[in-house]
Amino acid sequence: MKNNAYPMKPIRTEADYQAALQLVAPYFENEPELDSDAGAHFEAMLTLIEAYEAKHCPVDPTNQASPTTESRRSNQ
């Protein structure tokens with residue numbers, strides 16, 4: 001079995017969500033190049049996280065930013 005340096009799986013539960021957030025947290029400190037494997041992983045994980053948040057984390061209509069997007073903005 002191949003060791004995957006960039007693991008990815010569906011986010012179905014709160015535990016999956018928390019694990020995904022921990023997995024991408026280092027990318028916010030040192031954002032990878034977009035055309036790298038790490039960059040593709042980061043982008044894919046953010047897509048999965050944002051899909052989970054859209055379904056499970058209601059957003060105040062006056063503030064359309066998702067928790068992940070807001071975190072990313074504050075780190076820039």
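I began with helix 2 and found Ala38, Gly39, His41, Phe42, Met45, Leu46, Ile49, Tyr52 and Glu53 buried (under 20% relative accessible area with a 1.4 Å probe, protein chains only; exposed is over 50%, partly exposed in between). Looking down the axis of helix 2, I saw its buried residues fall within an arc of 150 degrees, taken from the directions from the helix axis to the C-beta atoms, so they line one face. The face turned away from that buried side carries the exposed Asp37, Glu43, Ala54 and Lys55.

A note on the source: this is a predicted model, where local features need pLDDT of at least 70, side-chain atom pairs count only at pLDDT 80 or more, and totals for chains, interfaces and linings use all residues. Residues are numbered from 1 along each chain as its sequence is written, and side-chain values use heavy atoms, without hydrogens and water.

Of its 13 residues, Ile11, Tyr17, Val24, Phe42 and Ile49 touch the most other members. Helix 1 (14-29) and helix 2 (37-56) are the elements giving two or more residues to this core (helices are DSSP runs of H or I, at least four residues, numbered from the N terminus). Helix 2 gives the most, with 6 residues.

Last, I searched the whole structure for salt bridges (a Lys or Arg side-chain nitrogen within 4 Å of an Asp or Glu carboxyl oxygen) and found 1. The side chains of Asp16 and Lys9 meet there at 3.7 Å, N to O. Asp16 counts as buried at 18% relative accessibility, whereas Lys9 is exposed at 54%.

Methods. A nonpolar core is a set of buried Ala, Val, Leu, Ile, Met, Phe, Trp, Tyr and Cys residues joined through side-chain atoms within 4.5 Å.
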